[in-house]
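I open this notebook to record what I looked up in the model, entry by entry. The sequence and structure come first, and my notes follow.

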Amino acid sequence: MRGWFAELERPVELVVALGPEETPRAGSGDLDFGGEMVRLCEGLAGLGQGVSCRVEHEPEGVPRFPSVSIRPDGRDAGVRYDGLPWGYELGSLIGGIVEAGRADPSLRPESLAELETLDRDVVLDVFVTPT
Amino acid sequence: MLLAYRCALASERVTATAIEANEFPQLAQELGVWAVPRIVVDGEPRWDGAVPEPEFLRRILAAAA
């Protein structure tokens, strides 16, 4: 992981949002999800100079807590993970950091051209589980 | 998940959020999440499962049309 973060082409800021949490599904464990999120993101920030972390409390525009916004150059690019990314899903957060750290998009040129044709905003939500 | 993130990073028109279904069971139930990944576009469940990049883009553009 240190190697991936060392190769980031631009800084990535993790902004953890804390606030009132929903009661998780039974079997999710007796975890302090917000506290674990802070520890996780601070730990990731400690792995490379290109990644930083800060915490906000109930910021505007964040509907669920805990949450982390992955920000290239500190800019809110609309990339977020809601909930604690543990287990298999830790890879999604790390992958998001690596992608945000790229200077150029990693999509195919054809895909970039297709995105250019969007004439309105699109909100993508992807439901995931840790296993 | 990474494809959705890549789209958001490439276009100011797109935002992408991963939502951990077990931590937000009420929302997951409202959107009928039984399989993951479930992709929701503008609040509407669209499909389940990973698809290749060209198909992902085709489905997003179709949903946005």
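**Entry 1: the sheet**

I traced the strands and found an open sheet of 8 strands with mixed pairing, in the order β2(A)-β1(A)-β3(A)-β4(A)-β1(B)-β5(A)-β2(B)-β3(B). I note at the outset that this is a predicted model. I then looked up the edges, which are β2 (51-57) of chain A and β3 (44-48) of chain B, each of them pairing on one side only.

**Entry 2: strand pairing across the chains**

As a reminder to myself, strands of a sheet pair through backbone hydrogen bonds, and they do so either parallel or antiparallel. In which sense do β5(A) and β1 of chain B pair? I found that β5(A) pairs with β1(B), residues 14-20, in the parallel sense over 7 bridges, and within that pairing I picked out A:F127, whose bridge partner in β1(B) is B:I19.

With β2 of chain B, residues 38-41, I found β5(A) running antiparallel and joined by 4 bridges. Here I noted A:D125, which has B:V40 as its bridge partner in β2(B). I also looked at helix α3 of chain B, residues 53-64, which packs on the sheet and touches β5 of chain A as well as β2 and β3 of chain B, its direction making about 160 degrees with that of β3(B).

**Entry 3: the contact between the chains**

How many residues does each chain give to the contact? I read off 42 residues from chain A and 38 residues from chain B. On the side of chain A that touches chain B, the elements giving two or more residues are β4 (79-82), α3 (90-100), α4 (109-116) and β5 (122-128) of chain A. The largest share of that side comes from β5(A), with 7 residues.

**Entry 4: helix α3 of chain A**

I listed the buried residues of α3(A), which are A:S92, A:L93, A:G96, A:I97, A:E99 and A:A100. They cover an arc of only 165 degrees around the axis, so they lie on the same side of α3(A).

**Entry 5: chain B as a whole**

I looked up the make-up of chain B, which has 3 helices and 3 strands, and its elements run α-β-α-β-β-α from the N terminus on. A compact globule of 65 residues would have a radius of gyration near 11 Å, and the 12 Å of chain B agrees with this. Along the principal axes, the C-alpha atoms of chain B fill a box of roughly 30 × 20 × 20 Å. Of the 65 residues in chain B, 45% are buried. I also noted that, among contacts in chain B between residues at least 6 apart in sequence, 12% join residues at least 24 apart.

**Entry 6: A:E21**

Where is A:E21 found? I located A:E21 in the loop between β1 (12-18) and α2 (33-45) of chain A. It counts as partly exposed because it has 16 C-beta neighbours inside 10 Å. Leaving out residues up to four places away in sequence, A:E21 touches A:F33, A:G34, A:F65 and A:P66. For A:P66, which is 45 residues apart from A:E21 along the chain, I noted a C-alpha separation of 6.9 Å.

Key
Residues numbered from 1 in each chain as written. Chains lettered and ligands numbered in written order. Predicted model: local features only at pLDDT ≥ 70, side-chain atom pairs only at ≥ 80, totals over all residues. Contact = placed C-beta atoms within 7 Å. Pairing = 2+ DSSP bridges. Rg over C-alpha atoms; globule rule 2.2 N^0.38 Å. Buried ≥ 20, exposed ≤ 12 C-beta atoms within 10 Å, placed from the backbone. Axes fitted to C-alpha atoms, helices over the stretch in contact; angles between N-to-C directions. Arc of directions from axis to C-beta.
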